[in-house]
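Hello,

Here is the structure I promised to pass on.

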Amino acid sequence: MARFPLPPGSTIGVLGGGQLGWMLALAASRLGLNTAVLDPDPACSASRVAVRTVTADYADPEGLAALAQACDVVTFEFENVPAAAVEQLAALKVQVAPGARALAVAQDRLEEKTFLNGVHAPTVAFRGASSAAEAAEAAAELGAPCLMKTRREGYDGKGQRWVEHASQAAAAFEALGSRPVILEAPADFVRELSVIAARSRSGEIACFPLGENHHENGVLRRTHAPAAAAPPLVEQAQQIAARILSALDYVGVMGVELFELKDGRLLVNEIAPRVHNSGHWTLDGCEVDQFEQHVRAIAGWPLGPTAALARTEMTNLLGSEVDDWKKLAADPDARLWLYGKGEPRPGRKMGHVNRLQPLKD
Ligand code: AMP
């Protein structure tokens, strides 16, 4: 087993080599740490920076063994890592951070909300259902309209349906593939916020300023940060995040997505046990960015300072929007991050732009 703190020259393994893995690899490299990445695509974004790319499926035992052998600690850029992969890495005596418990909780929306309520992190009211009849019963109990989501594998608004009347619940259950679902009461939110929080190996916790998030078609379009928020709201968000991280004995960065209600209460929508798109503004707008913070945490280093240096607007470049790169490169206000992905399929996250303004007094 690795000894912490990992000294420069050590190697961090990342499951997944998309843009998050790429930005983790950039951050690690700046700290003198190497990255090895495992991804099914040999030309994944992170392969341009990683010292080693293992081309394999996430559940491939040989690929995982090769990664484990090359690394002192392993992390991941997405939460749907197969449980068997985490078990195999643990059996190979490689530290996985964040750990299996955080992954299991984040992979299943019903477990997630049950866990959150158990640690006094409030959520909307919800019910689970595993059959069309149970779904109808749950919708009747919860009241319509309600939002039905598959328990597993939904992201960016996929795998969910509004149920306008309890009588539609059975049909919605079938339309979602007759898989186990969660039904959620509607959150009457005034805006969506997120807090990016980190916990170190010694249990220290640091939160970045709140981000205010705007989605289009279920996909994050823009984050404004620091979000305009009175200190009690910021404190509420940070306390919620701290309760979640401590309860999971978490190591690394987590994205906590929040709904702000009219009365000022915050509800947790979901947690992402990894660096998060709504934290990309920290790359240019903060003392230390979320990627460096994650690397510091998993490597057993002290956490870095998280104060904002600028008011930042982060905009995702989706699909062919990346073709504007010449214009953006000529714009002195735009800090451009291009992920080096080949094909700009519609909706695909190809890059992002951070625009900075001075902090207000
Ligand atoms: P999710 O995939 O759970 O993050 O949901 C995607 C988006 O759907 C969120 O960012 C919200 O805008 C919306 N949403 C999710 N859950 C609820 C809910 N219970 N009530 C109202 N809107 C929701």
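**Sheet and ligand site**

Val14 stands opposite Thr75, a residue of strand 4. The model is a predicted one. That pair belongs to a parallel pairing: strand 1 (residues 11-15) runs with strand 4 (residues 73-76) over four bridges. Both strands sit in an open sheet of five, ordered 3-2-1-4-5, with parallel pairing. Strand 3 (52-55) and strand 5 (95-96) form the edges, and each pairs on one side only. In general, strands of a sheet pair through backbone hydrogen bonds, either parallel or antiparallel.

Now the ligand. There are 17 residues around the ligand. Those that come nearest are Lys149, Glu184, Ala187, Glu192 and Asn269. By class, the shell holds seven nonpolar, four polar and six charged residues.

- Glu184: an N or O atom of the side chain is 2.9 Å from a nitrogen atom of the ligand.
- Gln160: a polar side-chain atom lies 3.0 Å from an oxygen atom of the ligand.
- Ala185: a polar backbone atom is 3.1 Å from a nitrogen atom of the ligand.

How much of the ligand does the protein bury? Taken alone, the ligand exposes 470 Å², and the protein buries 88% of that.

Which elements give two or more residues to the shell around the ligand? They are strand 7 (146-150), strand 8 (160-163), strand 10 (189-199), strand 14 (252-261) and strand 15 (266-272).

Best wishes

Technical notes. Residues are numbered from 1 along each chain as its sequence is written. This is a predicted model: local features need pLDDT of at least 70, side-chain atom pairs count only at pLDDT 80 or more; totals for chains, interfaces and linings use all residues. Side-chain values use heavy atoms; hydrogens and water are left out. A residue is near a molecule or strand if one of its heavy atoms lies within 4 Å of it. A polar contact is a pair of N or O atoms within 3.5 Å; within protein, one must be able to donate a hydrogen and the other to accept it, and residues adjacent in sequence count only if both atoms are side-chain atoms. Accessible areas come from the Shrake-Rupley method with a 1.4 Å probe; for residues, only the protein chains shown count as cover. Ala, Val, Leu, Ile, Met, Phe, Trp, Tyr, Cys and Pro count as nonpolar, Asp, Glu, Lys and Arg as charged, and the others, Gly among them, as polar. Two strands pair if DSSP finds at least two bridges between them.
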